[in-house]
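Colleague: I am new to this structure and would like to learn how to read it. Could you take me through it, feature by feature?

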Amino acid sequence: MQEKFYEECAKVHNEKSAKRRYVILNIFSIFSYVLAGFWIVIDFGYLIFISTDLFFKIVYMIFPLAFFITWGIVLGKLKDKMYVDYDYTFVTGSIRFSKVINNVKRKHIITFDFSMIEKIGKYGSKTYERYELMPDKKIKVLTSNSVAEDGKSFYYIVCNVSGIKYVFVLECTEVFIGNVINCSSRTVIEEDFYR
């Protein structure tokens, strides 16, 4: 059997805006850590000599420090959601999904075999809506766009991995989803797929 490899990327439509939000949140995150550092240097040294009240020291020193560090972490995690592209990689026998943050940092999401696929179809179809209403499923939207790029459409793939039912929403071409269908069982295609 010949090995097949195919890869597609769902890129952010408005890259300038996404990049700007990423940079702004990154600046505020770093600034929050800098404030925490200043708080340690200036206020800890100053308060140790002024007050003997332990409660006052804890409230005045620890809470602001915790606030700055927490904000730094929250803003850092939030920035990683602002400028995200998704890669879909098809290799005969398996599919791998990854996200690429700021065109620099790649994070693996999941890899699964074709035998784990339960259903493939068009996003928004009646079959998709039934899956959406099912309990104990995880929906993972693997695109940053609300409108599909030219030449692409939104599809879904339902698969069972390690006892968890995942519903992945993809923004891809017919070529990618066709390759997945060709290597899967014909029973995984939803009824309304070709309408």
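Modeller: Start with a pair of facing residues. This is a predicted model. Lys119 stands opposite Val158 in S7.

Colleague: How many bridges join S5 to S7, and do the strands run parallel or antiparallel?

Modeller: Five bridges join S5 to S7, and the two run antiparallel. Now look at the next pairing. S7 and S8 are also antiparallel, joined by nine bridges. Here Val161 stands opposite Ile164 in S8.

Colleague: What happens in the hairpin of S7 and S8?

Modeller: Two residues lie between the strands. Ser162 takes a positive phi there, near 55°.

Colleague: How should I think about the side chains along a strand?

Modeller: In a regular strand, side chains alternate between the two faces of the sheet. Then ask how much of the strand is covered. In S7, seven of the nine residues are buried, so this strand is largely enclosed by the rest of the structure.

Colleague: Which residues have the most contacts inside the largest nonpolar core?

Modeller: Phe97, Phe112 and Ile157 do, in a core of 32 residues. Several elements supply at least two residues each: H1, S2 (84-91), S3 (94-101), S4 (105-113), S5 (117-122), S7 (153-161), S8 (164-172) and H4 (174-183). A second, separate core has six residues, among them Tyr128, Tyr156, Val158 and Val169.

Colleague: What is Ile157 in contact with, leaving aside its neighbours within four places in sequence?

Modeller: Its contacts include Phe97 and Phe112. They also include Lys119, Tyr166, Phe168, Ile177 and Val180.

Colleague: Which residues of H4 are buried?

Modeller: First the general idea. An α-helix has 3.6 residues a turn, so residues three or four places apart point the same way. In H4 the buried residues are Phe176, Ile177, Asn179, Val180 and Ile181. They pack against S1 (5-10), S2, S3, S5, S7 and S8.

Colleague: Which residues make the nonpolar surface patch of about 560 Å²?

Modeller: Ile30, Val34, Phe38, Ile40, Val41 and Ile42 make it. Phe38 lies in helix H1, residues 15-50.

Colleague: Now the charges. How many salt bridges does a search of the whole structure find?

Modeller: Side chains of opposite charge can pair when their charged atoms come close. The search finds six salt bridges. Take Asp80 and Lys105, whose closest N and O atoms are 3.3 Å apart. This pair links distant parts of the chain, 25 residues apart: Asp80 is in the loop between H2 (54-79) and S2, and Lys105 is in S4. Asp80 counts as buried at 13% relative accessibility. Lys105 is partly exposed at 35%. Lys79 joins Asp80 and Lys105 in a network of salt bridges.

Colleague: Which residue forms a salt bridge with Arg106?

Modeller: Asp87 does, with the closest N and O atoms 2.7 Å apart. Arg106 is in S4 and Asp87 in S2, 19 residues apart. Asp87 is buried, with a relative accessible area of 7%.

Colleague: And where in the chain are Glu118 and Lys165?

Modeller: Glu118 is in S5 and Lys165 in S8, 47 residues apart. Their side chains meet in a salt bridge, 2.6 Å from N to O. Glu118 is partly exposed, at 25% relative accessible area. Lys165 counts as buried, at 18%.

Definitions and conventions
Residues numbered from 1 in each chain as written. Predicted model: local features only at pLDDT ≥ 70, side-chain atom pairs only at ≥ 80, totals over all residues. Heavy atoms only, no water. Patch = residues over 30% accessible without salt bridge, like charges linked within 9 Å, V, L, I, M, F, W, Y side chains within 5 Å. Areas by Shrake-Rupley, 256 points an atom, 1.4 Å probe, with all protein chains shown as cover. Salt bridge = Lys/Arg side-chain N within 4 Å of Asp/Glu carboxyl O. Helix = DSSP H or I, 4+ residues; strand = E, 2+ residues; numbered from the N terminus. Core = buried A, V, L, I, M, F, W, Y, C linked by side-chain atoms within 4.5 Å. Buried < 20%, exposed > 50% of the residue type's maximum accessible area, 1.4 Å probe, protein only. Contact = heavy atoms within 4.5 Å. Pairing = 2+ DSSP bridges.
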